[in-house]
Amino acid sequence: MSKKAIAIVTVLLALFLDQASKIYVKTHFEYAETVEVLSWFKLQFIENNGMAWGFEFGGRAGKLFLTLFRVVAVCGILYWLRNTIKRDTHVVVVIAIALVFSGALGNIIDSVFYGVIFDQSNHKVATLFSEKPYGDLFYGKVVDMLYFPFWDGILPEWIPFIGGNDFTFFQYIFNPADAFISIGVALLFIFSKQAFPKEEKVVNV
C-alpha cells in the first residue's frame, strides 16, 4: 500500500471512530451522565465550548475566532501531510501527521456543524438533525466523553502547595480526536529526525 493510501485510510478510520463515538454519546447520554466501564475508565458526557481542557475566551466572537483558526490550522496540517508524502518520509511520520490532521478535523466538525444538527442535551438525550438545534453554524460544542480517573485520593501533606488536597489522576475528560492528536504528536517527537530532517551543508574545499 502506498503512503498516500495509508494516510487516507488513517484519516478516514480515525474520523469514523471519532464521529461515531461522539454521535453515539450525544444520542444516548444526557449531559453529565456517566457510565463506569472499569474502575479506572468511565464514559462521562460533557461538552467543551472553547479551547482544549475547557478554557474559554471572548464569548461568541472568541468562539468564532477559535473555530476559524482551527480551520486555517487544519489546512496547514493537510499541506504538511501532502508535502511529507511527496518527500517519501518514513511511514510512521505520515501516519503521525494523518492522526494529527484527523483529530483537528474531527473537533472542527463538532465546532462547525453540531450546533445546527443537534438540540440540547440538558435533562434529555439530544436528537440528531433536530428541528430546534441548540446553536448556529460555527458555534457548535465539542463533545468529550473519555475519562480515566486512575487514582483519586488525598495527597500527602509533605507535597508543596497541593499536599492535603483531594486529587484525581487523570482528571481531564477528552475525546478520540484529542487522543489522535496526542498520539500523533508523540510519534512525531519519537521520530523527530525523520519528521524534521536537517539539510546537510555542502562544504566546498
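Apart from residues up to four places away in sequence, Ile-77 touches Ile-97, Val-100, Phe-101 and Ala-104 (contact: heavy atoms within 4.5 Å). The structure is a predicted model, in which local features need pLDDT of at least 70 and side-chain atom pairs count only at pLDDT 80 or more, whereas totals for chains, interfaces and linings use all residues. Residues are numbered from 1 along each chain as its sequence is written, and side-chain values use heavy atoms, with hydrogens and water left out.

The largest nonpolar core contains 18 residues, of which Ile-77, Leu-81, Ile-97 and Leu-188 touch the most other members. Such a core is a set of buried Ala, Val, Leu, Ile, Met, Phe, Trp, Tyr and Cys residues joined through side-chain atoms within 4.5 Å. Two or more residues of this core are contributed by each of helix H1 (3-28), helix H2 (59-86) and helix H3 (91-117). The largest share, 10 residues, comes from H3. A second, separate core is made up of 14 residues, including Phe-29, Val-143, Met-145 and Phe-174.

The secondary structure of the protein chain comprises five helices and six strands (DSSP runs numbered from the N terminus, with H or I and at least four residues for helices, E and at least two for strands). Along the sequence, these elements follow the pattern α-β-β-α-α-β-β-β-β-α-α. Taken along the principal axes, the C-alpha atoms of the protein chain fill a box of roughly 75 × 55 × 35 Å. Among contacts in the protein chain with a separation of 6 or more, 65% are accounted for by residues 24 or more positions apart. Of the 205 residues in the protein chain, 39% are buried (under 20% relative accessible area; exposed is over 50% and partly exposed in between, with a 1.4 Å probe and protein chains only). The protein chain exposes about 12,600 Å², and carbon and sulfur atoms supply 67% of this area (Shrake-Rupley method, 1.4 Å probe; for residues, only the protein chains shown count as cover).

Strand E1 (residues 34-38) gives the most to the nonpolar patch, with three residues. Val-37 has its place in strand E1 and is partly exposed, its relative accessible area being 43%. Glu-36 also lies in strand E1; with a relative accessibility of 53%, Glu-36 counts as exposed. Beyond its neighbours within four places in sequence, Glu-36 is in contact with Phe-41 and Lys-42. From C-alpha to C-alpha, Glu-36 and Pro-197 are 44 Å apart in space, and the two are 161 residues apart in sequence.

Six salt bridges are present in the structure (a side-chain nitrogen of Lys or Arg within 4 Å of a carboxyl oxygen of Asp or Glu). One of them is formed by Lys-22 with Asp-110, the closest N and O atoms of the pair being 3.1 Å apart. Because Lys-22 lies in helix H1 and Asp-110 in helix H3, this pair ties together parts that are 88 residues apart in sequence. Lys-22 is buried, with a relative accessible area of 0%, and Asp-110 is buried, with a value of 0%. Asp-18, Lys-22 and Asp-110 are linked in a network of salt bridges.

Another salt bridge joins the side chains of Lys-26 and Glu-47, at 2.8 Å from N to O. Lys-26 lies in helix H1 and Glu-47 in strand E2, so the pair ties together parts that are 21 residues apart in sequence. Lys-26 is buried, at 0% relative accessible area; Glu-47 is buried, at 13%. Strand E2, the element that holds Glu-47, spans residues 41-48. The side chains of Glu-47 and Lys-26 are also joined by a polar contact of 2.8 Å (a pair of N or O atoms within 3.5 Å; within protein, one must be able to donate a hydrogen and the other to accept it, and residues adjacent in sequence count only if both atoms are side-chain atoms). Not counting residues up to four places away in sequence, Glu-47 touches Lys-26, Tyr-31, Tyr-134, Lys-141, Val-142 and Val-143.

A further salt bridge is made by the side chains of Arg-60 and Asp-136, at 3.3 Å from N to O. Arg-60 lies in helix H2 and Asp-136 in the loop between H3 and strand E3 (142-147), so the pair ties together parts that are 76 residues apart in sequence. Asp-136 counts as partly exposed, at 40% relative accessibility.
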